[in-house]
Amino acid sequence: MLTGQRKRWNWARNQCCRPQRFLRPRTTQELTRILQECHSSGSEVKVIGSTHSMSDLVCSDGYLISIDRLKQVIDIDRDSASVTVQSGMKLYRLNNVLARNGLALKTLGSTAEQTVAGAISTGTHGSCRNCGILATDVSELELIEFSGTSMRLTEASDPDRLNAVRVSLGQLGIISEIKMRCVPVSLASEKLEKLDVDFVMDNLDTFQSNEHFRLCWKPAKSMLVVQTINRIADSSDRRIGTLRPYRDRAAWGQWLVRALKKGDTLAPFERTGRSDTLFCYPRLGVRLAGLSNRLTGGKSALLNSEYAIPAEKWPDACRAIQVAARDGEISRKYPLEIRFGARDDIWLSPAYQQDTCYIGFYEKRDTSQNGNEELGAFRAFEELIRNFDARPHWGKIHFFNPEDLRRVFPMWDSFQTLRSEFSSTPNNGK
Ligand SMILES: Cc1cc2nc3c(=O)[nH]c(=O)nc-3n(C[C@H](O)[C@H](O)[C@H](O)COP(=O)(O)OP(=O)(O)OC[C@H]3O[C@@H](n4cnc5c(N)ncnc54)[C@H](O)[C@@H]3O)c2cc1C
């Protein structure tokens with residue numbers, strides 16, 4: 001157990017706090033005891049995973065609890081294609097465990113450094129028109145309320161509360177166990193092309209017939225990079241699971257690196273690999289930390305905001321972004337990352353009851369200035385994208401206040417009501 005008042009930074013080093021105590025329980029029992037103590041003393045509690053969030057979700061001046069030691073696999077059921085894990089397991093470890101058992105997660109974000117609970121709790125998503133965010137595949141979980149009482153929520157027994165807890169930003173309690181639906185691990189083929197932006201906008205339906213589909217676009221330019229991934233085999237060949245994800249290490253993730261650096265100067269390619277290693281680049285997070293430094297001259301991190309807009313507004317939003325970028329009203333230094341995802345019923349999901357287009361904006365953090373000024377490029381982008389009914393990504397930079405959030409997340413009030421029922425200490429989870 002670590003204690004003290006050391007400064008704690010998040011992964012991108014844009015958020016910092018000095019918690020009263022920093023705790024890393026090894027067991028669920030220890031976690032429960034800590035919560036009971038905090039509850040009796042009225043101490044503020046916040047739970048963190050890998051701190052890959054760039055918003056202030058991962059900071060607290062009270063008790064900061066890291067779940068990184070709760071990382072065991074509890075059960076894998078090949079027949080029903082499901083896995084139950086402790087919530088602090090990192091996604092890249094889960095991917096490897098699943099692959100050895102012929103299974104994989106249906107979708108993944110760009111990196112797999114996050115904990116399962118952290119990724120679930122902020123609505124982390126990949127780019128798959130027919131899959132939802134990762135949390136949609138959570139079929140059951142155990143939540144330990146801030147009072148130390150635990151509850152098990154399943155799709156069958158309590159679908160509403162499960163939909164509230166699936167994306168709950170650590171505000172309803174600490175998720176200790178998660179059961180997720182999986183799919184057979186497979187080989188997949190990835191293709192990268194450079195295409196005209198108008199052509200892609202006019203033929204969106206064709207591109208969306210791909211299982212996974214993502215765009216990288218420097219908005220003042222007329223060409224963009226299109227990544228498509230499709231599965232080409234199922235798990236009947238058990239050898240797929242034993243393919244080493246790092247075999248082609250030099251190539252993994254390089255296109256994203258080059259796209260961020262050079263946009264449309266990227267050379268197209270086609271390749272085949274194990275599905276999970278194509279969806280998300282294994283251990284990319286580690287190298288992204290270095291990449292951030294390289295891209296910004298070693299001075300600061302590359303930061304990211306991302307907004308979910310109704311999928312049908314995508315072409316209008318892109319045209320508005322194009323005009324603003326050409327007029328110099330928004331930064332055009334780094335490409336936008338454009339992805340798509342299916343609607344769901346999760347209360348605080350960015351895709352709540354709407355098929356969604358996610359637009360990610362990158363900019364370096366200028367450490368020579370301070371305060372809000374350094375995030376000016378993010379503010380300008382947010383001002384524009386708000387015109388398209390944008391919902392912010394919980395784990396990335398945004399400037400939505402509670403009233404703004406209430407306007408764009410229809411279940412905001414219901415979530416707050418549940419939150420006051422769940423936590424009897426007002427500060428808990430803030
Ligand atoms: C390099 C990089 C790439 C990324 N790629 C993508 C992407 O492709 N798609 C995407 O959607 N997002 C992406 N993100 C965002 C990232 O997935 C989210 O910020 C995610 O929440 C980080 O997980 P984490 O384990 O670091 O959680 P943290 O950042 O530590 O915590 C996030 C939230 O989860 C809560 N939480 C953590 N553990 C628990 C628990 N046990 N119980 C309850 N609540 C808990 C915390 O309180 C906090 O509110 C990326 C971020 C980075 C830095």
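Which strands does helix α4 lie across, and at about what angle does α4 run to β10? I found that helix α4, residues 159-166, lies across β9 and β10 and runs at about 110° to β10. I took axes as lines fitted to C-alpha atoms, for helices over the stretch in contact, with angles from 0 to 180 degrees between N-to-C directions. Contact here requires that the C-beta atoms of two residues, placed from the backbone, lie within 7 Å.

**Basis of the entries.** I worked from a predicted model, in which local features need pLDDT of at least 70 and side-chain atom pairs count only at pLDDT 80 or more, while totals for chains, interfaces and linings use all residues. I numbered residues from 1 along each chain as its sequence is written.

**Whole chain.** I looked up the secondary structure and noted 14 helices and 20 strands. Helices (H or I, at least four residues) and strands (E, at least two) are DSSP runs, numbered from the N terminus. Of the 430 residues, 50% count as buried. Buried requires 20 or more other C-beta atoms within 10 Å of a residue's own, exposed 12 or fewer, and partly exposed a count in between, with C-beta atoms placed from the backbone. Of the contacts in the chain with a separation of 6 or more, 73% are between residues 24 or more positions apart.

**The open sheet.** I followed five strands in the order β6-β7-β11-β9-β10, with antiparallel pairing. Because β6 (73-77) and β10 (150-154) stand at the edges with a single partner strand each, one side of each has no neighbour in the sheet. On average, neighbouring strands of this sheet are turned by 10° against each other, direction ignored. Pairing requires that DSSP finds at least two bridges between two strands. I noted six bridges between β9 (residues 138-144) and β11; Leu 143 has Ile 175 in β11 as its bridge partner.

**Positive phi.** I recorded a positive phi of about 55° for Arg 13, which is not a glycine. Arg 13 lies in the loop between β1 (8-9) and β2 (16-17) and is partly exposed, with 16 other C-beta atoms within 10 Å. Ala 81 also has a positive phi, near 50°. I located Ala 81 in the loop between β6 and β7 (82-86).

**The ligand.** I found 34 residues around the ligand, of which Gly 49, Gly 109, Gly 118, Gly 170 and Gly 395 come nearest. A residue counts as near if its C-beta atom, placed from the backbone, lies within 6 Å. Helix α3 supplies the largest share of the shell, four residues.
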